[in-house]
Amino acid sequence: MIPKLSTVESLDPTVRAYLEALSTAGFAGDIETSYASRLAVSTDNSVYQQLPAAVVLPKHQADLVLLTSLAQTSSFASLKFTPRGGGTGTNGQALTSAIVVDLSRHMRGILELNLEERWVRVEAGVIKDQLNAYLKPKGFFFAPDLSTSNRATIGGMINTDASGQGSLVYGKTSDHVLELSSVLVDGTVLHSKAMPVAEAEQLAQQQNQLGRLYHQVLASCREHRQLILDTFPRLNRFLTGYDLEHVFNDDLSQFDLSRIICGSEGSLAFVSEARLTITPIAKFKCLVNVKYDSFESALRNAPLMVAANATSVETVDSKVLNLARADIIWHQVKDFIQDVPGKEMLGLNMVEYNAEAPEDMAEKIRALEQQLQHSMEQGNAGIIGYQLTYDNDAISQIYAMRKKAVGLLGNAQGAQKPLPFAEDTAVPPENLADFILEFRALLDSYGLSYGMFGHVDAGVLHVRPALDMCDPEQEKLLRTISDQVVALTAKYGGLMWGEHGKGYRSEYGPAFFGPVLFNELRKIKAAFDPQNRLNPGKICTPLHSDDPLVSVDGQKRGHFDRQIPVQVKDSFDSSLNCNGNGLCFNYEAQSPMCPSSKVTKDRRHSPKGRAGLMREWLRLMQQQGVDVLAQEEELLKKSTGLTAMLQKLNNYRAKKQGDYDFSHEVMDAMEGCLACKACAGQCPIKVDVPSFRARFLQLYHSRYPRPLKDYLVASIEQSAPVLARIARPVNWLLQRKLVAKTLEATVGYVDSPLLSVPSLKQRIGDQYRFDLAALQALSAEARQQLVFLVQDPFTSFYEADLVADALRLLHTLGFNPVLLPFKPNGKPQHVKGFLREFATTATTASEFLQQVSALGAPMLGLDASLVLVYRDEYVKALGPARGDYQVKLLHEWLVEQPLPPLQSNQQFKLLAHCTEKTALPATEKAWQQIFTKAGLELSAVAVGCCGMAGTYGHEKQNQQNSRALYQLSWQKPVQQFGAEQVLVTGFSCRSQVKRMEGVKPKHPLQQLLLLLAQSSAKAS
Ligand SMILES: Cc1cc2nc3c(=O)[nH]c(=O)nc-3n(C[C@H](O)[C@H](O)[C@H](O)COP(=O)(O)OP(=O)(O)OC[C@H]3O[C@@H](n4cnc5c(N)ncnc54)[C@H](O)[C@@H]3O)c2cc1C
Ligand code: SF4
Ligand code: SF4
């Protein structure tokens, strides 16, 4: 039995008192003090980890004013605050021991749009892609780009002055800020925008906080203007935090205080709202993918592309390309970056042209093509081929691949992981190739591996050398290399931080600014935040403050991870390998990635949150001297004895009385998981939450009793076949209000699905019966037509019509289908963490399927969530004992078969199961191919999770989220196209549509069968 974990870092009494006062004062947002909530924001994508004092999540600007004003009270004067957005920083920008003020959950409002004047006003927690999705139908976009666009917030972008692909044309975030609304540390609201210098001078006369700010910034930037111009390299990626240069425009007639806040990393103010310029979307785009024999060739050739008037030029090396090839994303881009026969592609330049009309870019593209052809004929630039695409969707997909590349780099085998710490250097583009050669030599001299890509047009290089932060020696190496890269960038006239801001690299600030200008930064900090209370230690400290700056030697995640024994780390590698890049916070409703994160907007309920909690849980278990792996072994061997049961009851009582155990916090996060496995397929590191969640549940319940519903769910494969025999009375009972209410109150189960009437047996009789001896006696020729249908508990007992239809379809197509006897699959047991029982079920099923497989005929299953268990969870649980049989999904097999021509004037819409399409990215394409083969039209509709996910949608505590998830992406297409046009592959999804809309959509196979029947009726 696992022990109780009660020794977590508790809340500071002053923080507690402050938060109580905040709540009493009418703070409308959320206040979170649990260890889990604090842990969830203790990391970002960097190597650092820092537990904050608490987390508050304001609802609006008034909340920010309230929390800062209250903090002026003398008893709270010691408290400090750090703003946080998406938490996607690469250098610990939002990590802190202070109180985290997270604007990303509630402050997501798009407030005002003025198309005529081309601006939009938003709250700071708006996500960049959310804004662009809103602007797209209007023909506009917010131009500065960044790889984390589906989770990074506008507040975060402003405070790191983010930019990315296309920055030569589109600039940095600060270039698009028209006006900011910010809350200062004393509660004053600051509205800043560009204004004539005279007006700023007038404001500087005020004898108040605002007057002091204007006065100081005017003085620092004006008095040192020449030094500022001389010190900062003239780069597209100019020096951020604090941007002394651009406070004035070139002729010094205009002054803009917002420029100082842009890139200030939350160290000057809370940005609550921003008015931003918007840019018309170019109507026509062309992407030329130029392929090279080496990365160096690609780099050396890039300036030529820039000179060829491209909108942007991006470069990736072979390592990044190869990682992309192994990822789900490659399926969408492979046709546009095809291999060149007989050549090895080791570098790629992605050259983009934008125009209002095709003819505006035709000449530029023709000239580039001529150049490329010429170079290829001469064989002098290492170009091995190129491909053009004008398809906007394809271009977006290729950039999505590039954006995912950073995450993919983290997916390295072994203890050394690619790490950000010198990952965004910027040098003048003409120096880039030489700079990179020297950079490579530096990394090679330490024998490190790394992948590289970059915005070559802006001279920005992305590189993440692989180090193991659990090894103290390699931690020292991080410092050594950082110092050397600082020197190298200086040598090439560049910057250490060309894109991601400073964070823990703030200690290098004085080296880049020089003593005089750094002193000015400190004066500005003192004017905004004299007591160093905002994101302390970042960028600089106030003049005369003795507080330290953060340093690259700050506390790393490795410090905690190395406390977990190596065997445990290896065994739970999925949670250990999460690198915090936040891709799983993807806000997009149509993306399958983490429904629980999307619907709760709670970081604990994301794959990253769960992975982080799991790591800490393992560490605390180790601290208590618990061998987690040995406990698991034990639990797999024997069931709970009577003494343990009694102990569990005692523990349950203690829990009810409020006895603290960190395991409850972890359990809470795990319970919110739908076990949809989208993370396992879509996370670049393949963090597989359901796999470690099942293990956690098993261990947790060795201490605490299970709820009744767990037994109900886990035994469904045993109970359903029995109940199916008395389906009518069971259904009658389930439909009684009293029974439904009792089930809800006792088991916590709602909207129980009804068993199929007539049952499968009644529908098909003995027609497709399995008779092993008879099958073994079949001739080789007869076996050719044989197809086995593997049953699953959901379709067989709750959707018998579908199983019968599948058999009929196979029969109509000329095959000899045989229905295998029902063998429990174990998925429900696995989901609820009954791993011992699951291993037994998997062994029995595997032995049977192995035997059937010897007959040499294909074995097909209908529901992806069950079929995929044979491929993943069975392998993990049984190892080689699983055997080597294969159960395919119907479409995986059908796509290889000939189909007769069919007719329909419907344009069918496919809504595929999220588990299926994330594990098998070719699913939608395969169904499209099947329909096309039959002469039918089928298009895939992008949808996320339907909100059902097995039994999740039936559990009482999930009702609100289940319905909200359905509304996010399913409701609209289902209502728009109707049950006739919509085809749905998942059992859960069909059940959810039935529950929400009252009609059950068809599985694609049922549509095929229907049309086949119509076709043969016509023919006869
Ligand atoms: C895989 C990966 C790829 C990346 N690619 C790019 C890229 O292409 N270009 C790029 O520029 N960056 C990139 N980044 C870095 C990061 O995504 C950006 O810095 C982004 O702008 C941070 O936004 P966020 O909402 O996550 O902010 P956070 O990380 O939460 O915060 C960043 C900083 O802003 C401050 N802050 C946040 N919100 C506010 C607010 N409302 N008021 C005051 N201060 C605030 C925080 O205190 C912190 O100092 C990448 C990061 C990762 C992990
Ligand atoms: S779970 Fe995956 S996607 Fe999420 S932060 Fe971790 S590595 Fe990134
Ligand atoms: S299984 Fe689904 S709900 Fe659970 S963490 Fe992964 S993506 Fe989120």
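Ser 174 sits in the loop between helix H6 (167-170) and strand E8 (177-183), and at 3% relative accessibility Ser 174 counts as buried. Here, buried means under 20% relative accessible area, exposed means over 50% and partly exposed lies in between, with a 1.4 Å probe and protein chains only. Helices (H or I, at least four residues) and strands (E, at least two) are DSSP runs numbered from the N terminus. Setting aside neighbours within four places in sequence, Ser 174 is in contact with Asp 161, Phe 238, Arg 259 and Cys 262, where contact means heavy atoms within 4.5 Å.

A quick word on the model: it is predicted, so local features need pLDDT of at least 70 and side-chain atom pairs count only at pLDDT 80 or more, while totals for chains, interfaces and linings use all residues. Residues are numbered from 1 along each chain as its sequence is written, chains are lettered from A and ligands numbered from 1 in the order in which they are written, and side-chain values use heavy atoms, with hydrogens and water left out.

## Helix H4

Helix H4 (residues 128-135) is mostly covered, with six of its eight residues buried. Those buried residues are Lys 128, Asp 129, Gln 130, Leu 131, Asn 132 and Leu 135. They pack against strands E5 (110-114), E6 (119-123), E7 (140-141) and E11 (270-277), and against helix H5 (154-160).

## Ligand 1

The shell around ligand 1 has 36 residues, and Pro 83, Thr 88, Thr 148, Thr 153 and Ser 163 come nearest; a residue is near a molecule or strand if one of its heavy atoms lies within 4 Å of it. By class, this shell has twelve nonpolar, 21 polar and three charged residues. For these classes, Ala, Val, Leu, Ile, Met, Phe, Trp, Tyr, Cys and Pro count as nonpolar, Asp, Glu, Lys and Arg as charged, and the others, Gly among them, as polar.

Some N and O atoms come close enough to list as polar contacts (pairs of N or O atoms within 3.5 Å). An oxygen atom of ligand 1 is 2.8 Å from a polar backbone atom of Gly 87, and a backbone N or O atom of Ser 147 lies 3.0 Å from an oxygen atom of the ligand. Taken alone, ligand 1 exposes 960 Å², and the protein buries 99% of that; accessible areas come from the Shrake-Rupley method with a 1.4 Å probe. Strand E3 (81-84), H5 and E11 each give two or more residues to the shell, and H5 gives the most, with five.

## Ligand 3

Around ligand 3 there are 13 residues, the closest being Cys 594, Arg 610, Cys 673, Cys 676 and Cys 679. Helices H23 (607-623), H27 (678-682) and H28 (689-700) each give two or more residues to this shell. By class, the shell has ten nonpolar, one polar and two charged residues.

## Aromatic pairs

The structure holds 26 aromatic pairs. Rings of Phe, Tyr and Trp (its six-membered ring) pair if their centres lie within 6.5 Å; planes under 30 degrees apart count as stacked, over 60 as edge-to-face and the rest as tilted. The rings of Tyr 35 and Phe 662 have centres 5.2 Å apart and planes at 70 degrees, so this pair is edge-to-face. Tyr 35 lies in helix H2 (residues 35-40) and Phe 662 in helix H26 (residues 662-671), so the pair ties together parts that are 627 residues apart in sequence.

Notes:
Polar contact = N/O pair within 3.5 Å; in protein donor to acceptor, adjacent residues only side chain to side chain.
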